[in-house]
Amino acid sequence: MATLPSSVTATGTVARPQPPALRRVRRRRRPSGEPPPLPRHLNASGKWWLAASGAVVLAWIAVAVTGSVSLFDAADTRVLQAFAQLRSPALTRVALVAGGLATPVAVYLLWVANFAILIVLRRWRHLFVWVGVGLVIEALGSTMLTVLQRPRPYEVELIGRWAGYSMPSLPITVLTAFLVSTLYSLVPAGRHRATGKWVICGLLAVTALSRLYLAQDHPTDILAGAILGVAVPLAAFRWLAPNDVFPVTYHRGRTAHLDVTGIRGEAIVRALQDQLGLLATSVQPFNLSGSGGSTPLRIGVKSDAADGDTYVFAKLYAATHVRSDRWYKLGRTLLYGRLEDEQPFHSVRRLVQYEDYVLHLMNDAGLPVSHPLGIVEITPEREYLLVTEFIAGSREIGEAEIDDSIIDQGLSAVRRMWEIGLAHRDIKPANLLVRDGQLVIIDTAFAEVRPSPWRQAVDLANMMLVLALRTDAERVYQRARRQFSEEEIAEAFAATRGLTMPTQLRRMIRQQGRDLHAQFLALLPYRLPPVRIQLWSWRRVVLTIATLIGAFLGLMIAISMLGQPL
Amino acid sequence: MRPARAAAVPVLAVGGLLAGCASDSTAITSSPLCSEGPHGAGNGVILMAQSVPTATWVPCIGSALPQGWNFHHLDARNGVSRFWLDSDRDGQQAVEVRLEKSCDTAGATQVPSDREGMTRLERVDRISPAYSGTRYYLFDGGCMTVVFSLDGDNAGEALAVSSQVVGAIARSDLAAQVHEESGGRLSLDPDPGEGG
C-alpha cells in the first residue's frame, strides 16, 4: 500500500497513521444480465395486479373491436337478475347500508382523514403518492367512463344512488384505491399490513355484493374497478414510496436513514466483497443523529492484522438523499441567495462520485481526511455506498483536549485547502475529529473545488471559532497569525457571521455564553466591512416568485380539495 | 426551509391543480344526441331514460346547436338527469334541461304545446335586466323542465334554441333500440311482471 502524504502544519509535518490492513479477496465483475446486489423490483403481487390491469384494458379494446359488448351485457344482466331474485325489503335495507362505504360522504371522510393524518405525521412522501394515486385513478376512471359510455344495467330495477356511466364502477375504483393507499401510507409493513389487506378484501366484498344486489353496477364494472383500484396504488407506493426506503413507522427517528437489515444488509455484504474485495462481518448504523443527508454505517470487515477484525466507515446514499439535497439547496437559495455558489446534484451516482473525488483530492494533497476505499453500487442509480477508513478511537473536537498542535493542524488544513483551491464549507465540531493528538477532517460532501474567495475565508473563520470553543480566542488568534496575515483573518471574520456558521457551531457558541466572533474581532488591529451575504439575482427573484405562487396555489387548492376530494 | 416543508408546497400545488381539472368525474361531456347515425340515440339518452324509469319521453339534442351555443355537460343520476347549454351571449349554463319523474309547476301557465303528447306550461320569473323563466313539459311518468337563466337582454334566441334544438325521444323507441343492439337478448326496462 502506498504511503500516505504527511499532514503539513506551520510547525512541520504530522505523520498520518496507516489505515488498518484490510483483508482483501479477489473482486468480481458482475456479468451482463446478472441483477445488481439489491435489484429494484415490484413484488410478485404488484406485477400480478399490473398484468390484470393490462388485461382489463385489452379486454375493453377486444370488446370494442369485436362488437361483443352485448354478450357481456347479457351475461352481466343474468347475474344481476339472479341477485334481484333474492330481493326483499329487509335485504334491500341491509344492502343500502352495506354499500355506504362507496358513497361520496364515506369516500370524502376517508380522504380528509388521510390528508389530516399524513400532514400531522409529516409523511409528505406518502401524502404526495396518496394524492397522486387519487388523481390518477379518478382521471383514469372518468376517462374510461367517457370512452366506453356503458349505460347502467338493463332489464333490472336499479336501487339506490348512482351517477353517470357504469364501466368501470367509479365508486369501487376510487374506494379500492383509497383503501389500498390508506393501507400503504398508514399501516406498517408486516403482520398489520397483511391483516389490513384481508380487512380491505372483506370491505370490498361487502360493498361489491351490495352494489350487485342493488344492480347499481354490472359485475364486470366492479371487477374492472377493483383491479384498477388495487393496481394503481400498489404500483405507485411500491415504486415511489417503497417500504424499505420510506417505512411506515410510529416511533421517532430521522426518515433519511435506510434500514440496513434484511435484504439490504445482505446486499451490502455481497457488494462489498464483489466490488471492493472486503469481507464484511457486520453492518451497523453509526452516529445516525449526526447525519441527515445519508445513512452512516460502521462495517466490520476481516483484517490481516493480528488483532482480527476491524472496521470501515461507509455512507449509504439513496435517491431520496439527492432529492432532499435539492430541496435543501432550493430553500437556502430562497432564504440567502446564492450563498453557497452551488447547484444541486441530479443523481445519486454523481453525488457519490463527487464526494469520493473530493476525498481523494484532499487525501492526495496531504489533508488529514479518512482514507477513501471506494464506491460500491447497491442499486444502480438509486443506492451507493461510499467507503472510507474508520477513524477508530476518535472524539469530536468539541469533546477533546485541544493543544497548540491541534490548533496548528486545523489552521494548516485551511491553509492547505486554500493552496489547492478547495473549500470544505461545513467546518463544525461534528466534522473535526481528534485521534491520538491528530486532527481528522470528515464529511467532504459539501466541499467545493475552486470556490469563491468569500467561501474560503468563511472556512478559516469557522475553523478558528471551532478551535476556540475548547480554548480561547486569544490563543487561537496568536497561532493563526503564524500562518495567516492580519488581512486574511480580518477578511475571514468580515465574511462570517450568523447564518454562514453551521448550526451546530452557532448552537455551541451560544451555549457557552461567549461571543467568540466579537472576541476575534476585538483582537484584530483593524476591521474590514462585513461582506454582504444576501445576494439577489434574477434566478433568486424568479424562484422566490414561483415559490410564492406555488404556495398560494397550494393553499387554495388544499382548501378546495378538503371540500371536494375528487 | 426544511426539505419536508418545502416538499409540501408542490405536493399540494400539483395535486390540487389536477384535482381542480378533474372535478365532477361522472359528468358526461358528449351531447345526448337523439340520433347518432344508424345506431339511434346516444348512450347518454339511454342513461337519462334509466335515471327516470317511469318517463315515457326522454329529452335529447335533436339538431346541431346554432353558432354561439355549446353543450356544457350531462349529469345523469338516479331520479334526475340534467344537461346544460352554454351561450356566448347569454352566459354559461344559460339553458338547463331537466328530466324528473314529477315537477312543481306552481305559478306556471299552460300554453299550447309544441310537442305531441306533452302538456306545456310556462313561468316567467323575470324579464329585466335579464330573462329568467321556466318551461315545463308534462307527460306520462315524467316531466321535462327547461330553465332559462340568461345574462343577455334578448331572450328570443334562447327560447328558440330550446324549441328547435332540444328534442325528445319516446321511451319505446329507446327500448326497441336496446333490444335490437343486444341481438334480442335484453330489454331496457325490467319485465313489469317480475319483482326485480
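How many bridges join β8(A) to β10(A)? Two bridges join them, and the strands run antiparallel. The views below come from a predicted model, in which local features need pLDDT of at least 70, side-chain atom pairs count only at pLDDT 80 or more, and totals for chains, interfaces and linings use all residues. Residues are numbered from 1 along each chain as its sequence is written, while chains are lettered from A and ligands numbered from 1 in the order in which they are written.

**View 1. The two chains in outline.** Chain A has 18 helices and 12 strands, and chain B has four helices and nine strands. Helices (H or I, at least four residues) and strands (E, at least two) are DSSP runs, numbered from the N terminus. Along its sequence, chain B follows the pattern α-α-β-β-β-β-β-β-β-β-α-β-α. Of the 566 residues in chain A, 43% are buried; of the 196 residues of chain B, 35% count as buried. A residue is buried if 20 or more other C-beta atoms lie within 10 Å of its own, exposed if 12 or fewer, and partly exposed in between, with C-beta atoms placed from the backbone. Two residues are in contact if their C-beta atoms, placed from the backbone, lie within 7 Å. In chain A, residues 24 or more positions apart account for 75% of the contacts with a separation of 6 or more. In chain B, 52% of the contacts between residues at least 6 apart in sequence join residues at least 24 apart.

**View 2. An open sheet of three strands in chain A.** The strand order is β8-β10-β11 (chain A), and the pairing is antiparallel. β8 (395-396) and β11 (438-441) of chain A stand at the edges with a single partner strand each, so one side of each has no neighbour in the sheet. Two strands pair if DSSP finds at least two bridges between them. Strand β10 (residues 432-435) of chain A is joined to β11(A) by four bridges. In this pairing A:L433 stands opposite A:V440, and A:L432 stands opposite A:I441.

**View 3. Helix α9 of chain A and the strands it packs against.** Helix α9 (residues 262-276) of chain A has 15 residues. From its first C-alpha to its last, α9(A) reaches 21 Å, close to the 21 Å expected at 1.5 Å a residue; the expected span is 1.5 Å times one less than the number of residues. The buried residues of α9(A) are A:R264, A:A267, A:I268, A:A271, A:L272, A:Q273, A:Q275 and A:L276. They pack against β3 (280-285), β6 (372-379) and β7 (383-389) of chain A. A:G277 follows α9(A) and has a positive phi, near 75°.

**View 4. The crossing of helices α13 and α15 in chain A.** The axes of α13 (residues 453-469) and α15 (residues 486-495) of chain A come within 8 Å and cross at roughly 95°. Axes are lines fitted to C-alpha atoms, for helices over the stretch in contact, and angles run from 0 to 180 degrees between N-to-C directions. α13(A) and α15(A) are therefore roughly perpendicular to each other; angles under 35 degrees count as roughly parallel, over 145 as roughly antiparallel, 65 to 115 as roughly perpendicular and the rest as oblique. The contact is made by A:W454, A:A457, A:V458, A:L460 and A:A461 of α13(A) and by A:E488, A:E491, A:A492, A:F493 and A:A495 of α15(A).

**View 5. B:T109 in strand β5 of chain B.** Strand β5 (residues 109-111) of chain B holds B:T109. B:T109 counts as exposed because it has 10 C-beta neighbours inside 10 Å. Leaving aside neighbours within four places in sequence, B:T109 is in contact with B:L121, B:E122 and B:R123. The C-alpha atoms of B:T109 and B:R120, 11 residues apart along the chain, are separated by 8.4 Å.
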